[in-house]
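Have the model open in your viewer and a pencil at hand. Try each exercise before you read its solution.

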Amino acid sequence: MPRWLGGSAATATDAAEGPGTPEWWRSNKKRAEFVPGEGFRVEGVPGFFDQDGRSIDAPVDEITVDLHRAEESKGILPGVDPKLAAQKVKEAVGLGPDQQAARKFLAAGVKLFEDKRYAAAAKEFEKAAARWPRSDIASLALFNQAESYYWDDRYQDASETYLKLLTEHPSTPKLDITIERMWAIAQYWEKTHFASPSRMPFGYNPIEKTRPTFDTIGNSIKLYDSIRMNDPTGPRADDSIMTTAGIYYQRQRYADADYHYSLLRQEYPRSDYQFEAHLLGLQAKLMRYQGPDYDGTPLTEARKLEERTRLNFSGRLSQEQLSRLNETRGRIQAMIEERDLRMAAYYEGTKQHRAARIVLNNVIKQYPSSPAAEKARDQLAKLEGLPDAPDEPMEWLVEMFPQNQERSALDGIAPMNPRVDVTRIAEQGTDGDTTTR
């Protein structure tokens with residue numbers, strides 16, 4: 001039997017009113033003493049018992065004795081809580097929590113799995129997890145259920161069960177193999193999606209059981225994100241981020257790609273993908289930029305990232321990569337200059353000539369030998385002698401209305417002469433007088 005499937009059976013010594021029965025446990029629970037590694041014992045009664053008074057013959061760490069099990073939340077309106085109602089129905093028909101039944105289903109599932117009857121094994125493991133929830137038995141049963149789906153090529157069911165395992169049992173000892181299974185499924189879905197010559201609307205897949213019914217690539221991304229969230233320091237965390245970024249880039253979702261490249265650069269500085277995350281992240285930022293009439297933040301970020309890439313990987317860049325990086329720097333510079341000229345043209349079109357002159361002078365100052373500077377000089381010559389701002393329409397009517405208090409206060413402030421140093425530092429002279437400079 002594979003070790004990871006395991007699950008030894010426990011027996012109960014139930015008698016009508018004897019040790020192991022609910023009636024006996026209610027009478028003797030207060031006298032019970034807990035022995036670490038063994039369980040509860042009652043003086044004068046042979047053997048050990050679990051927290052519900054059932055006789056046990058397995059190590060305590062396998063059946064998870066919980067000494068401080070809190071009473072479950074009954075919700076705000078317990079009378080109409082569907083979960084509580086369903087639980088009562090299960091208990092009424094004999095399907096409530098039962099450790100012995102859970103072990104029985106677990107053992108049956110193991111046998112079916114060894115016979116390669118994976119579908120039947122998955123059902124038994126599901127029953128085991130349901131009959132003794134929030135325990136090591138449930139954790140093992142969920143993992144085995146997911147494994148049954150995996151080897152039965154039912155990857156959607158397998159991925160959902162692996163995620164359920166990580167949600168309900170985040171400290172599962174099967175974390176490493178669970179992450180590897182999720183990685184393998186995500187990789188298969190990704191390659192299947194991009195290799196498919198024809199794709200149905202919404203990624204609809206009504207036949208093939210190895211893929212989700214809808215949105216194969218979206219489910220692949222969901223698995224990659226879950227790998228990173230559930231094992232952020234594991235070996236697959238940076239793999240998942242880099243792969244997700246690549247998927248978004250292929251799908252021309254450059255903002256999402258840029259976010260994931262940035263995430264890898266910031267959160268995983270020792271990742272082997274740092275170099276690629278810098279170069280591809282730079283391209284994603286440039287692809288985010290939509291032109292001079294739109295937000296210029298991607299250009300500013302791209303310029304900083306280009307400088308950081310050149311600095312951090314100066315000894316690693318090949319001649320071809322260095323040449324491409326220089327070309328990219330030139331593209332960024334040209335787009336920034338184009339954006340500045342477009343802004344000056346906007347101010348000129350609204351007759352805000354003073355603002356246009358400021359922008360054009362800034363272009364000449366920052367890029368004096370560029371073609372943009374030549375265009376800026378030509379535009380400045382055309383603006384010579386024009387008023388700083390357009391005449392205010394119907395100014396006589398505006399003057400008839402009084403200014404509010406805030407505007408009056410601002411008008412009362414004397415303008416500061418930028419040529420005068422207004423910083424005055426008080427100094428104590430040797431004779432006790434205060435001087436200033």
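Predicted model: local features only at pLDDT ≥ 70, side-chain atom pairs only at ≥ 80, totals over all residues.

Residues are numbered from 1 along each chain as its sequence is written, and side-chain values use heavy atoms, with hydrogens and water left out.

**Exercise 1. The overall inventory**

Find how many helices and strands the protein has, and what share of its residues is buried.

Solution. 
- Step 1: Helices (H or I, at least four residues) and strands (E, at least two) are DSSP runs, numbered from the N terminus. The protein has 18 helices and 6 strands.
- Step 2: Buried means under 20% relative accessible area, exposed means over 50%, and partly exposed is in between (1.4 Å probe, protein chains only). Of the 437 residues in the protein, 38% are buried.
- Step 3: A contact means heavy atoms within 4.5 Å. Among contacts with a separation of 6 or more, 53% come from residues 24 or more positions apart.

**Exercise 2. The faces of H15 and H16**

Work out which residues are buried in H15 and in H16, and what they pack against.

Solution. 
- Step 1: Start with the length of H16, which covers residues 371–382. The expected span of a helix is 1.5 Å times one less than its number of residues. With 12 residues, H16 reaches 17 Å from its first C-alpha to its last, close to the expected 16 Å.
- Step 2: The arc is that of the directions from the helix axis to the C-beta atoms.
- Step 3: Now take H15, whose 14 residues reach 20 Å from first C-alpha to last, close to the 20 Å expected. Its buried residues are His353, Ala356, Arg357, Val359, Leu360, Val363 and Ile364. Seen down the axis of H15, these fall within an arc of 165°, so they line one face of the helix. Arg354 and Lys365 are exposed on the other side of H15.

**Exercise 3. Two helix pairs**

Describe how H11 packs with H12, and how H8 packs with H9.

Solution. 
- Step 1: Two packed helices are described by the angle between their axes and the distance between the axes. Axes are lines fitted to C-alpha atoms, for helices over the stretch in contact, and angles run from 0 to 180 degrees between N-to-C directions.
- Step 2: H11 (residues 254–267) and H12 (residues 274–288) pack at about 150°, with axes 8 Å apart. That makes H11 roughly antiparallel to H12. Angles under 35 degrees count as roughly parallel, over 145 as roughly antiparallel, 65 to 115 as roughly perpendicular and the rest as oblique.
- Step 3: The H11 and H12 crossing is left-handed. A crossing has that hand if the near helix is turned anticlockwise from the far one by less than a right angle, and is right-handed if clockwise. The contact includes Tyr261 and Leu264 of H11 and Ala277 and Leu280 of H12.
- Step 4: H8 (residues 175–195) and H9 (residues 216–230) pack at about 155°, their axes 8 Å apart. H8 and H9 are therefore roughly antiparallel to each other, and their crossing is left-handed.

**Exercise 4. Positive phi**

Where does lysine 116 lie, and what is its phi?

Solution. 
- Step 1: Lysine 116 sits in the loop between H4 (99–114) and H5 (118–131).
- Step 2: Its phi is near 65°, a positive value in a residue other than glycine. Lysine 116 is exposed, with a relative accessible area of 63%.
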